[in-house]
Amino acid sequence: MTAPTAIELLWGTQQRPKRGPKPSLSLDRIVTEAIAFADSEGLTNLSMQRLAERLGCAKMALYRYVPGKAELTALMLDAAMGDAPDLVAAAKDSTEQPWRAQLRAWCVTSYEMFCAHTWTLGMLVTTRPYGPNEINWFEAGLAPLADSGLTGPERLDTLALLSGQAQTFARATLGDHSGGLEDAMFEQLTRVLADQADRYPHTVTAFNEPAPPGSRDNALHFGIDRILDGLAALIATREVNGAGSEPPSAS
């Protein structure tokens with residue numbers, strides 16, 4: 001029997017042995033332990049040998065389930081993403097327009113997933129096979145824009161913008177364990193610029209200007225707001241022009 005491909009493993013289409021003793025391992029257990037390892041020690045430190053040691057089995061035993069690390073990491077990413085968020089439920093108490101509230105929830109949930117599994121950030125910029133969970137996230141994020149008048153590429157670009165916003169701020173929190181990144185930056189810059197105010201007047205002014213309540217450490221939502229504001233303006237022009245969401249197909 002040939003080794004299953006990453007696509008076959010992700011979508012559950014590989015041939016499974018029907019006879020023989022019950023295996024001591026399972027693919028789900030292998031992937032779960034690999035994720036736990038990557039969460040604690042990083043993806044670059046993960047190897048089939050170290051995973052086998054964690055599972056208490058021989059390295060060769062892993063190859064009965066997954067051909068190598070490339071296939072394993074594809075399974076890990078899809079499993080770490082988990083079920084797509086229920087955006088309707090997440091936005092039910094929001095005062096925003098439903099499409100805005102749902103896209104905000106999609107971005108924030110993405111951010112939370114990236115923070116929980118920071119090793120996924122490096123994988124998202126690589127060519128890889130897509131699994132059912134990741135496709136479900138696409139489906140969930142595209143649904144609020146179904147009647148927006150935006151084209152298919154524009155709807156996909158919207159998700160790319162929101163995902164980029166989530167990834168940027170997940171990376172920013174990697175070394176910030178205090179929960180107050182902006183306050184930490186303010187403290188550092190205050191010391192550095194104590195005697196340099198004349199050289200950097202705009203920087204000093206921006207950091208010293210009083211902030212409205214709740215506006216500190218709010219860059220994630222500020223960026224989401226600006227993305228959604230831009231989308232709202234674009235959608236409004238489509239409504240005025242009567243443009244459809246997709247160009248008519250040739251008959």
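Let me begin with helix H13: what covers its buried residues includes H7 and helix H10 (152–172), where buried means under 20% relative accessible area with a 1.4 Å probe and protein chains only, and covering rests on contact, meaning heavy atoms within 4.5 Å. This is a predicted model, in which local features need pLDDT of at least 70 and side-chain atom pairs count only at pLDDT 80 or more, while totals for chains, interfaces and linings use all residues. Residues are numbered from 1 along each chain as its sequence is written, and side-chain values use heavy atoms, with hydrogens and water left out.

The buried residues of H13 are Leu220, Gly223, Ile224, Ile227, Leu228, Leu231, Ile235 and Arg238.

Turning to the whole protein chain, we have 13 helices and zero strands, where helices (H or I, at least four residues) and strands (E, at least two) are DSSP runs numbered from the N terminus. Of the 251 residues in the protein chain, 36% are buried, and among the contacts with a separation of 6 or more, 73% are between residues 24 or more positions apart.

Which residues have the most contacts inside the largest nonpolar core? They are Leu72 and Met76, in a core of 55 residues, where a nonpolar core is a set of buried Ala, Val, Leu, Ile, Met, Phe, Trp, Tyr and Cys residues joined through side-chain atoms within 4.5 Å. Helix H7 (residues 98–116) gives the most to this core, with nine residues. Leaving aside residues up to four places away in sequence, Leu72 touches Ile30, Val31, Ala34, Leu46, Met48, Leu51 and Val66.

Finally, consider two helix pairs. The axes of H2 (residues 27–41) and H3 (residues 48–55) come within 10 Å and cross at roughly 110 degrees, the axes being lines fitted to C-alpha atoms over the stretch in contact, with angles from 0 to 180 degrees between N-to-C directions. H2 and H3 are therefore roughly perpendicular, a word used for 65 to 115 degrees. The axes of H5 (residues 69–81) and H9 (residues 132–142) come within 7 Å and cross at roughly 45 degrees, so H5 and H9 are oblique to each other, the term for whatever is left once angles under 35 degrees (roughly parallel), over 145 (roughly antiparallel) and the perpendicular range are set aside. In this second pair, Leu77, Asp78, Ala79 and Met81 in H5 meet Pro132, Asn133, Glu134 and Trp137 in H9.

Definitions and conventions:
Buried means under 20% relative accessible area, exposed over 50%, partly exposed in between (1.4 Å probe, protein chains only).
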